[in-house]
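Here are my notes on the model, point by point. Please read them with the structure open.

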Amino acid sequence: MQAQRSPAMVGGGPGSAAGSPSPATVPVRRRCEGTAMGAVTLDLRPGLGVGPFTLGMPISDAFAQIEHQPNIYDVVHVKYFDEEPLKLDFVISFPDHGFHLRFDPWSQRLHLIEIFDVKRLQLRYAASLIGGPSTLATFVSVYALFGPTFPGIFDKDRGIYTLFYPGLSFAFPIPGQYTNFFNNGEVADLPLEFSDGTTPVTCRVSIYDSSTDSKVGVGSLMDKAVVPALPSGSLYMEEVHAKLGEELWFTIGGQHIPFGASPQDIWTELGRPCGIHQKQVDQMVIHSASDLRPRTTLCGDYFYNYFSRGIDILFDGQTHRIKKFVLHTNFPGHSDFNSYMKCNFVIYDAEGEGTQQPGNVSKNCITPRTKWEQVKEILGDCGRAAIQTQGSMNNPFGSTLVYGYQNIAFEVMKNGYIATVTLFQS
């Protein structure tokens, strides 16, 4: 697992764009972790979210909320599986407030909120408060606030009884001397009070999408959390089909953006860009014997940055026509993480594969799931790679490798996953 701290570590937002220097990714700590501070109170919305965090939101929106309230969310951990980032959830954790956000690794959308230390976070539901250092979230208080519900599930191995409401669950540890009173699985009895007069206290609260009948809790029940469906017409995770050497096709909006299109064409099809940056001198052009242009600090070319689509478009500074597209996967462990939303691209050779239909991708297509070894199986070996690095101060994740083919180049991270794809006409 990898852990990062503070929002400053994750790309710094849309300012870190192709054609502009990336900001430093050294963590900024506003105070020492674990020092005392007043308990935070957040609104609980069963099946929807907690405070400013809403189920289904992209991870970039969550970071934006964190950055807007730095005095509250001043100690932040980002955790992910470095070797296989699509295997486990991305987690944003707030250790001082006792909760974390779990994001589906493929869609990068929030699908589960877990409060793992109920004494550190106070929840407001309707006009009542529960949890925090002063209001114990006991079984009795939970049942009194949320009302009757169906029998819960007892996990005998963990000694945990989980009580479920739509989009909400509470886990209660059962002392060993009382576990024999419950059968493993669904039980009819509610552990409101034990024979010694005590009542269980919540050890974990889970908030999840309530559109399905899934029961989400601790252990294996955590895996049942699903990402809420996107609203009709949403462009998030829109498949962007790339025909090598020809064009991009946006499958929901229906736009076709060919090489050679003008800035006016792009404004008409995709709208106003999120940013415009002049390109620095092309450091790779030295490898081209046919390019005899003098090397200057600025080359005249410029980028249109569409951070919300995960795409950069490079225009020739003289002809003002598209010469390159850059597609971003937004994987953690790369210096551009959280600068772009993920581009859900599908890349194929139009002559060899024919036109691909949305949602029906052949095995010879390249997507953000495709690892470098699979790319080589599809396109063949391309020879040695160029090393791309920004130095350890600007990029603590280390260097990446750039491999080039006709009409396409791949920037590959150390774990073998693609960081960016650059499309051009050879």
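1. Is phenylalanine 331 buried or exposed? This is a predicted model, and in it phenylalanine 331 has 1% relative accessibility. The cut-off for buried is under 20%, so phenylalanine 331 counts as buried.

2. Now its surroundings. Phenylalanine 331 sits in the loop between β22 (322-328) and β23 (344-348). Leaving aside residues up to four places away in sequence, phenylalanine 331 touches Pro85, Leu86, Phe337, Pro368, Met413, Tyr417 and Ile418. Tryptophan 106 is 225 residues from phenylalanine 331 in sequence, yet their C-alpha atoms are 9.6 Å apart.

3. Confidence needs a comment. The chain has a mean pLDDT of 84, with 80% of residues at 70 or more. Among its elements, strand β4 (residues 53-54) has the highest mean, 98. Strand β1 (residues 2-5) has the lowest, 46.

4. Two stretches call for caution. Over residues 2-17, pLDDT stays under 50, and the model has 59 contacts beyond four places in sequence for them. Residues 19-36 also stay under 50, with 44 such contacts. Where pLDDT is low, the predicted coordinates should not be read in detail.

5. Next, the charged pairs. The whole structure contains twelve salt bridges. One of them joins lysine 371 to glutamate 84, with the closest N and O atoms 3.0 Å apart. This pair links distant parts of the chain, 287 residues apart. Lysine 371 lies in the loop between α4 (350-353) and α5 (372-379), glutamate 84 in the loop between β5 (77-80) and β6 (90-94). Lysine 371 counts as partly exposed because its relative accessibility is 21%. Glutamate 84 is partly exposed too, at 27%.

6. Arginine 102 and glutamate 114 form another salt bridge, with a closest N to O distance of 2.8 Å. The partners are twelve residues apart: arginine 102 in strand β7 (residues 99-103), glutamate 114 in strand β8 (residues 110-115). Arginine 102 is buried at 17% relative accessible area. Glutamate 114 is buried at 0%.

7. What about arginine 309 and glutamate 238? Their side chains meet in a salt bridge of 3.3 Å, N to O. Arginine 309 is in the loop between β20 (298-306) and β21 (311-315), and glutamate 238 is in the loop between β15 (204-207) and β16 (239-243). The two are 71 residues apart, and both are buried.

Technical notes:
Residues numbered from 1 in each chain as written. Heavy atoms only, no water. pLDDT = per-residue confidence, 0-100. Helix = DSSP H or I, 4+ residues; strand = E, 2+ residues; numbered from the N terminus. Contact = heavy atoms within 4.5 Å. Buried < 20%, exposed > 50% of the residue type's maximum accessible area, 1.4 Å probe, protein only. Salt bridge = Lys/Arg side-chain N within 4 Å of Asp/Glu carboxyl O.
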